[in-house]
Every structure is written in C-alpha cells, then in structure tokens.
Amino acid sequence: MSFFLLSHVMFQKGVPIYGPVQVLERYLKEQRVSISTAYSPLFLEGKYIQTGKVNKKFSKHFSNMIVKYFFDVQFAFLFLLKNKPKKNDVVIAVDPLNCVSAVILRVLFRFTLIYYTADYSDSRFPSEIMNQIYHWLDQFCLNNSDQNWCVSDRIVEKRKQQRTKTPVHFVPNTPILPDEVSKTQKESSKNKLLYVGSMDQHMNVLTVLDAVKKLSKTNKRIQLTLIGGGLLEHQIKEQIKKEKMEKIVEYFGPQKNSIVIEQIKKSGIGLALYSGGKLWNKYGDSMKIREYQYFGLPVVTTEVPSNAKEVEKMDCGIVLTSKQLSAMVICSAVTKIQKNFLDYSKNTHLLMQQRQKHKILTDLLKPYLS
C-alpha cells in the first residue's frame, strides 16, 4: 500500500511554512509506509515540489493567480497519472484544486480518496463567479470522496448544514513532534511572550508592540520574540528601533519549523491576535495556537479562529474581541495570565491530551495501515 499526498504549501522568502500536510507526512513516515507527495505553492511565490524534488517545468513565475490555478490542477493531475495509484492505495488531497484531479482519476485507478479540508470560506474571492466555482468544486470533491477530514469544528458544523453523506471527521491542527506534550511551563517563563506568523495588519503585530512597550514600564523582565515575515516587516523593525525596544524584542524573519519549535519551548505565553480580515480564518484551526499549546503555553487570542472556543471553555488562555483590540486590552490579558500562570498552563496540557494528533490519525487510518 502507498499513500499519495496532494497539497498547497505557503512560502515566505523561499522558506516553506509548516502546515497540516507536513504533519501528516511526518506521521506516515513514522508508520514506514510508501509516500509520494505533490506540493504546489499557495501563492505566486514558491516552487512546485514532487516528493522532495523541485519540478522545474512547473516552477515558473506567474503574474496572475487564475493562470496559476490551472497549473496547480494540471500539476496534481499529471502527478497522479504518472504514479498510477492502485486500488488499495490512499490519496489524501488538501483543498479543492488538488482533490478535483483525484476525483477525476479515481474513475481509472479506483484508489481510496480522502478530501482534507484545511480551510474554508463563505466568501473566499472578491468575484462572485470565482466564489461560485470555489463552492461548486468543494461540493464536487466532498461528494465524491470516501472521507472528509476537517481541521476545525466550524467546518464540521458547516458540513452538517450541507447534509453531506460523506463521513466527516474533525482532525485539528495539533502538531506531531518528537517531544512529548509538556505538562506545564515553568513559572519563570511567564514573562517571555511569543508571536509566530505573518507580519501583517491581519495579526495586529504593531498593537502587540505597543502593548509590550506599556508592559515594560511596570515589568522590567518582559520579553517578546517575533517570528515570521510579511508586508509590515520593515515597519515593525522601524518601530522597534524608534521605541528603543531592541533589548526587549527579538525579531526573526521566517524560520524553519524546527527553529520555531525551539523558540516555543523557551517561551511562556503565545500570542495569536487575529483581526478577522482574512475571512477564511473564521473556519481555521490555528496551527500556531496548537503549537503553543503543545508545549504548555497559555495563549492570548481573539474570537476569530475556531479553536478560540476551546481556549475559553478549557480556561487555557484569554480570548479577546477583535473589534475592541487595543494595547491596553492586550496588557490586561497578559497580566491576568501571569497572575495565574501555572493554572492556565495546566489547563492547556489537559486540552492537548484530548487533541493528540497521533491517536486521531491512527484511528482514522487504521483500516489502511493494517
């Protein structure tokens, strides 16, 4: 039996950003099964990669996303056509553009098809026509797959509303790592704040800097680490310099996941302050939050990502209202966590015990791995 993974991958300055398909690939490698992969770049930046090797024929610069979408479908289609998955093989396709090729080709090859919905949006594109195509493709893939994996409970709820007959499963964005899930963070780490993600207006990074500046006036031990790249990268560096925050803010650009994980281990509170400007975040299961939680970090987030409900319910962080976000509100949230830091961290560990990705995947893939 072989597994074939089709997905898009986000790149920042040439660095692939770790996502759900990489977690899945890591799990399958641990099972010592045959794996072949075809990864397309999510945006105009990046390369087309087949089983670890760059496909130079497809890795060209596009000036138009619509043209690129046609190449994405062709890339996945030719990959499967070349590899000819057998009847007992499993194809796991992330998002409609990858899955549509698999739906078409399974007529010939009869493989098992799992449609992995890593994100979703009621209104993904400014164009109504594009939105209609997107939703038609999503339903076409959903109704012609053997299973549908959804990264968030909001997508699962959406599938119930759509009344699909395809079995739907909740597969959260919890990482799979060599390290065991941490029970709690040490009290001494509560002054070390961390943000990992895009440096843009949708993540309120400049407001975070304002908050840390205010916190530093009453807490001389406060520290902030920033990891990621984006449109506001230059502005963030300028603000750090202007406010003379070099000693309390450490800024990294985009980093490999292994480096990100090492920084999470050194930190105490994770920040993920979504603005809601990216409409698909509503249905997303924030991977950055899951990685923070894996190592016992309480989080400060907003109501936008789907897993914010768990943060609130399990009392493993503070959930703020995105439209009322300010530096003072962030300061209050961080201070509240610091006062009861070990309790928040303990609750975070309890949540992660319920969201063990390794167990979830083992249960779902058991019929194909035995």
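For the terms: helices (H or I, at least four residues) and strands (E, at least two) are DSSP runs numbered from the N terminus, and two strands pair if DSSP finds at least two bridges between them.

On the source: this is a predicted model, in which local features need pLDDT of at least 70 and side-chain atom pairs count only at pLDDT 80 or more, while totals for chains, interfaces and linings use all residues. Residues are numbered from 1 along each chain as its sequence is written, and side-chain values use heavy atoms, with hydrogens and water left out.

I checked strand E1 (residues 2-9) against E4: they run parallel and are joined by 8 bridges. Within this pairing, Phe4 stands opposite Ser36 in E4. Contact here means heavy atoms within 4.5 Å; axes are lines fitted to C-alpha atoms, for helices over the stretch in contact, and angles run from 0 to 180 degrees between N-to-C directions.

**Aromatic pairs**

I found 12 aromatic pairs in the structure. Rings of Phe, Tyr and Trp (its six-membered ring) pair if their centres lie within 6.5 Å; planes under 30 degrees apart count as stacked, over 60 as edge-to-face and the rest as tilted. Tyr48 and Phe58 form a tilted pair, 5.7 Å centre to centre with 50° between the planes. Tyr48 is in the loop between strand E4 (34-41) and strand E5 (49-50), and Phe58 is in the loop between strand E6 (53-54) and helix H2 (65-83), 10 residues apart. I looked up burial next: Tyr48 is buried at a relative accessible area of 1%, and Phe58 is buried at 5%. Buried means under 20% relative accessible area, exposed over 50%, partly exposed in between (1.4 Å probe, protein chains only).

Tyr120 and Tyr134 also form a tilted pair, 6.1 Å centre to centre with 45° between the planes. Tyr120 lies in the loop between strand E8 (112-117) and helix H4 (128-143) and Tyr134 in H4, so the pair ties together parts 14 residues apart in sequence. Both Tyr120 and Tyr134 are buried. I noted that ring pairs link Tyr69, Tyr120, Phe125, Tyr134 and Tyr283 into a cluster.

**Positive phi**

Most residues other than glycine have a negative phi. I recorded Thr51, with a positive phi near 45°, in the loop between E5 and E6; Thr51 is partly exposed at 43% relative accessibility. Asp95 has a positive phi of about 75° and lies in the loop between strand E7 (90-94) and helix H3 (96-109). Asp95 is buried, at 17% relative accessible area.

**Asn257**

I found Asn257 in helix H8 (residues 257-265), buried at 14% relative accessibility. Leaving aside neighbours within four places in sequence, Asn257 is in contact with Tyr18, Leu177 and Glu291. The side chains of Asn257 and Glu291 make a polar contact at 3.1 Å. A polar contact is a pair of N or O atoms within 3.5 Å; within protein, one must be able to donate a hydrogen and the other to accept it, and residues adjacent in sequence count only if both atoms are side-chain atoms.
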